[in-house]
Amino acid sequence: MIEEENGGVNLTDLENSAVVRWDPDSKRVEAVIADKRLLWPDTLSWGPNGEMYVTASQIENMPRFNDGKSTRTEPYKLWKITDINPE
């Protein structure tokens, strides 16, 4: 998770291949981005110009979750989200 200056909190949503935001004013959770290619979104960080970065780690494809066989595929992805406040 990562906090915004306004107190909002961004979280990864593993089950929906998404990043969501909790808004402190409305007390609602809404999607920032969702995409089936965002496999097991993991670490969130801020870029120098306010963009958000998130890794797609593919942890669910590790051997321990797939009868001892890795189903991970390269390349691993680093997503850059430039508009985290869509209207």
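**Entry 1: strand pairing.** I looked up β5 and found that this strand pairs with β6 (residues 52-56) in the antiparallel sense over 4 bridges. Two strands count as paired if DSSP finds at least two bridges between them. Strands are DSSP runs (E, at least two residues), numbered from the N terminus. Across this pairing, Leu 44 stands opposite Val 54 in β6.

**Entry 2: basis of the entries.** I note that this is a predicted model, in which local features need pLDDT of at least 70, side-chain atom pairs count only at pLDDT 80 or more, and totals for chains, interfaces and linings use all residues. Residues are numbered from 1 along each chain as its sequence is written, and side-chain values use heavy atoms, with hydrogens and water left out.

**Entry 3: the sheet.** I then traced an open sheet of 3 strands, in the order β5-β6-β7 with antiparallel pairing. Since β5 (41-46) and β7 (77-81) stand at the edges with a single partner strand each, one side of each is left without a neighbour in the sheet.

**Entry 4: a cis peptide bond.** I looked between β6 and β7, where the loop holds Pro 75. A cis peptide bond joins Glu 74 to Pro 75, with omega about 0°.

**Entry 5: positive phi.** Which value does phi of Lys 27 lie near? I found it near 60°, a positive value in a residue other than glycine. Lys 27 lies in the loop between β3 (18-22) and β4 (29-34) and is exposed, with a relative accessible area of 57%. Trp 40, in the loop between β4 and β5, is also a residue other than glycine with positive phi, near 50°. Trp 40 counts as partly exposed at 26% relative accessibility. Exposed means over 50% relative accessible area, buried under 20%, and partly exposed in between (1.4 Å probe, protein chains only).
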